[in-house]
Amino acid sequence: MLAPREPRDFSLANKIALALFDASISLYLPPSLHYNINRIRLVWSRMWNVLSDFFVSVGLSENLPVAIFVMDSLRQLAVKFLEREELANYNLQNEFLRPFVIVMEKSTSVEIRELIVRCISQMVLSHVSNVKSGWKSVFMVFTAAAADERKNIVLLAFETMEKIVREYFLHITEMEATTFTDWVRCLIKFTNSRFNGDVSLNAIAFLRFCAVKLAEGGLVCADKSLDDGSSLSIINNDDSDVQSFTIVDDHGCYWIHLLTGLSKLASDSRLAIRKSSLEVLFNILKDHGQLFSRTFWIGVFSSIVLPIFNGVCEKRDIPVKDAQESPTLRSPHSDGSTWDTETFAMAAQCLVDLFINFYNELRPQLSNVVSVLTGYLRSSIQGPANTGVAAMFRLMGELESRLSEDEWREIFLALKEAAISILPGFINLLRTMDDIKVPDNSESYANTGTSSDHGLTNDDLEDDNLQTLAYVVSRMKSHIAIQLLIMQVITDIYKTHQQFLSAANIIILVEIFSSIASHAQQLNSETTLQKKIQKACSILELSDPPMVHFENEAYQNYLNFLQDIVKNNLSVSEELNLESLLVAVCEKIMQIYLNCTDYHLAPKKSVEKPVAHWILPLGLGKREELAARTPLLVSALKVLSGLERDSFKKYVANFFHLLLDLVRSEHSSGEVQRVLSNIFLSCIGLLIMQ
């Protein structure tokens, strides 16, 4: 039999005939012998424990004719068994087909692997009504075929899978839940096909088709009483990041295996697969979620849906070095794949849609949904932050009348935590600039090429510094945009939903405004850092981060927010004493403007003996900054002049000295002087005349 050219298969044929005792296969055995095929299952199981190893060893033979002969013979034996109905609680079909699986997974022969796929396809499609435990081996063969290196084998196996889905799906759901699990695992393996994108997308479509068939079969996941001993629990699987269910009800298992398989594809490296799997997963839940009980919904949402977004909340601002020593951001998924902006947007929209549609069932999960959306705000990338803001605004817009005061508070506290939590990481990032020396424009980065003691030239060190500087500048621009975005969404939330907001919730919004405005002022007070960044931007030919704009916009939004409450929500204003806070913010704005004019550095005029001095002109940069800050100062002065007479009288002592300093300032604009004149005439003058 081992002869390479003319193998003698006499012994092989008789060994197979001995197993079957079928005259149509063997002409060498007496016809009076009883057919072994009719032996009881227990005896056959013991016999097959010996025979299966033989079929595997010969099937893996390097002698192709012998291997083909034994695989074809195994097919004939398997057909005989599939013609007989399998008894309950027996797995003889699975045992009998197991050699096909082992040879399929281990054989290096393309011909043998293709033969096995054809044999399995022919057997299953011709005896589908009798296949019971054999489904497990069938799907294992097709799973191995899905990962095959030959395109024709992949397509051949998928063609059979497609026929099973469309014509014989009920035969799968009639079996135990583990069979359906093997089926789903097989389809997911086809989604990883590298030969044909249509195969991958069609496999995902078949998973959705499975959901439709499950729903048509009326597989409702209802709550079970504790009296019948059934339960629904969630356990961590050490071999997977995705949590799995332990459910007594097999029908529930069908849904869970299907949904879990789709959720794992959400982190696939291919954009089309990510998008398609997310879309199918959420469409299945939206279309068939009415079949789920509240308990089952909570399990699905917390263990299948939410883990998809784990990477969003793990995003950090701390740069790491890649192989080229350039700063990058850590991947949001454990397998190294990343989500693009389009995937971020679609996932957030699907999550909010699902939560709104099944709010009554999923209401206890509000905090988790808000945590996911605020996790978008923690991203160092502006795109996901925009997505998170839009999704958060839509969530509150759809649920506004159904949210309790505590739930509003929960949302606002999450927004506050998201806005504040990213500040320390950003400040730490800026501190990396402390050890970097940025030369003046007159100094050249390319003039020094001496070697250091560690084998690095100054050019190498300077290039690395330039990369760090470029990254910091980029991050600063993104950080400023995200902070202003948070302020904008808070303003929109208040304007749209203020009738549902209590004073206890509004004060949280005030604290967010205050935190961001103080942060903006802190950034602008770092004069050394500002000069270093300006030099770096000049060298790198980049636009400067809009730090002054950030501070102006932060205080302008803060000012407008407080003024709106003081004017239009008197009860809340009085309860929180916001008028006093509004005046304090105006004082801060005036002080910032005076600091910009360098008025605090000018020599003070003596009342007894005035001292003449020259008015030193400001540099171009200072003049531009003053021009940028003038509209904010004018707004603050108009707010003060718009106070009620009693309020103005109450607070004027706090800011009168600042008004005098602005009058004395030699660099304030004509517009500022006109507003100051109006304050002294219409407000202070009236107080004096009383």
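Is Cys119 buried or exposed? At 4% relative accessibility, Cys119 counts as buried, where buried means under 20% relative accessible area, exposed over 50% and partly exposed in between, with a 1.4 Å probe and protein chains only.

The legends below describe a predicted model, in which local features need pLDDT of at least 70, side-chain atom pairs count only at pLDDT 80 or more, and totals for chains, interfaces and linings use all residues. Residues are numbered from 1 along each chain as its sequence is written, and side-chain values use heavy atoms, with hydrogens and water left out.

**Figure 1. Overview of the protein chain.** The secondary structure comprises 27 helices and 4 strands; helices (H or I, at least four residues) and strands (E, at least two) are DSSP runs, numbered from the N terminus. Of the 690 residues, 49% count as buried. The accessible surface comes to about 33200 Å², and carbon and sulfur atoms hold 52% of this area, as computed by the Shrake-Rupley method with a 1.4 Å probe. Among contacts with a separation of 6 or more, 73% join residues 24 or more positions apart; contact means heavy atoms within 4.5 Å.

**Figure 2. The largest nonpolar core and Phe100.** This core has 214 residues, and those with the most contacts inside it are Phe100 and Trp183. Helix H19 (residues 458–497) gives the most to the core, with 16 residues. A nonpolar core is a set of buried Ala, Val, Leu, Ile, Met, Phe, Trp, Tyr and Cys residues joined through side-chain atoms within 4.5 Å. In soluble globular proteins, nonpolar side chains tend to be buried together. Leaving aside neighbours within four places in sequence, Phe100 is in contact with residues including Met71, Leu74, Ile116, Cys119 and Val141.

**Figure 3. Ser137 in helix H6.** Helix H6 (residues 134–146) contains Ser137. With a relative accessibility of 1%, Ser137 is buried. Not counting residues up to four places away in sequence, Ser137 touches Asn94, Leu97, Arg98 and Val101.

**Figure 4. Helix H16.** The 12 residues of helix H16 (residues 366–377) should span 16 Å at 1.5 Å a residue, and the end C-alpha atoms are 17 Å apart, which agrees; the expected span is 1.5 Å times one less than the number of residues. Because 9 of its 12 residues are buried, H16 is largely enclosed by the rest of the structure. Among these buried residues are Leu366, Val369, Gly375 and Tyr376.

**Figure 5. Cys537.** Cys537 is buried, at 1% relative accessible area. The structure holds 0 disulfides, a disulfide being a pair of cysteine sulfur atoms within 2.5 Å.
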